[in-house]
Amino acid sequence: MSSPSRSVLGEFLRARRARLDHTDLGLPAGTGRRRTPGLRREELAALAGVSIDYYIRLEQGRETNPSAEVLRQLARALRLDAEATDHLFALADRTSGRGPRLRSRSEVRPGILQLLETLRPCPAYVRNRTNDILASNPEGLALLAGIGEWPADRRNTTRHTFLHPAARTLYPDWARAAAATVAQLRTAVGADPDDPALAALAAELAEASPEFAELWRRHDVRRRHTDRKTFLHPDVGEIAFRYESLDVGPEGQRLAIYQTTPGTRDHERMRLLSLASR
């Protein structure tokens, strides 16, 4: 039986192959009716300059050590962007054993805990690779309406997006927020496809949410470091933030910070959110 890391590499290749259309790539229709969407294995192998047998072994997890050149050719054939290409290389490193397994730590450094208080009234929290909230200032929990009602070990931003009813109205464009959090979680797979916590979270959400299951199958990836985020908060109304995500540890811990510009309506509503969180 293939290990999870081998399976994930094959799943990624199959998912991205299924999203390509032979007509868009200038390929002939070929013979016979296409039973599944996307490119055939032999078509992608030809585009990448590898044998069909070798490519099949990659998808099946029987080939575990593709070279950097083969990976670059596959990325080009699959039309991967820079983030998806990095993800492909990360999966290959873990499949071959080249990449070290990263352990997630639940302890947050004292200096980061102090920073959470210093950042107030800006909402801020620390997450691990699987989006569990490890620490937060009061405003950070208040911003994610309803998440504070859950036990500490259930507070996960992806779980909140899909399973907490308040999230459906908290995000004006819920579909975009949902796709972004799944893509970020998929990116985490590249760091450690064998992470049991990540596998358990994905299994839980896939069973509970058909929308999550559909997005998970797409294998989209995204590293989010800065963005504009708007919330329709039930207590203070609409607030638009400048969002920053900073790496604060080698174990995948990230500090999320939501900022507003002083003197604006958004800033005043953020202050109201801070008062409500006390």
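Two strands pair if DSSP finds at least two bridges between them. Helices (H or I, at least four residues) and strands (E, at least two) are DSSP runs, numbered from the N terminus. This is a predicted model, in which local features need pLDDT of at least 70 and side-chain atom pairs count only at pLDDT 80 or more, while totals for chains, interfaces and linings use all residues. Residues are numbered from 1 along each chain as its sequence is written, and side-chain values use heavy atoms, with hydrogens and water left out.

The protein chain holds 13 helices and 5 strands. Of its 278 residues, 48% are buried, where buried means under 20% relative accessible area, exposed over 50%, and partly exposed in between (1.4 Å probe, protein chains only). Among contacts (heavy atoms within 4.5 Å) in the protein chain with a separation of 6 or more, 56% are between residues 24 or more positions apart. The accessible surface of the protein chain is about 13500 Å², and carbon and sulfur atoms contribute 51% of this; such areas come from the Shrake-Rupley method with a 1.4 Å probe, and for residues only the protein chains shown count as cover.

The 5 strands form an open sheet in the order β2-β1-β5-β4-β3, with antiparallel pairing. β2 (133-136) and β3 stand at the edges with a single partner strand each, so one side of each has no neighbour in the sheet. From one strand to the next the twist averages 30°. Helix α6 (residues 110-118) packs on the sheet, where it touches β1 (124-127), β2 and β5 (254-259), and its direction makes about 155° with that of β1. Axes here are lines fitted to C-alpha atoms, for helices over the stretch in contact, and angles run from 0 to 180 degrees between N-to-C directions.

Asp-227 stands opposite Tyr-243 in β4, and Thr-230 stands opposite Ala-240 in β4. In a regular strand the side chains alternate between the two faces of the sheet. The covered face of β3 has Asp-227, Lys-229, Phe-231 and His-233, and the uncovered one has Thr-226, Arg-228, Thr-230 and Leu-232.

His-219 lies in the loop between α12 (210-218) and β3 (226-233). His-219 counts as buried because its relative accessibility is 4%. Leaving aside neighbours within four places in sequence, His-219 is in contact with Val-8, Glu-11, Phe-12, Ala-15, Arg-16, Arg-19 and Arg-186.
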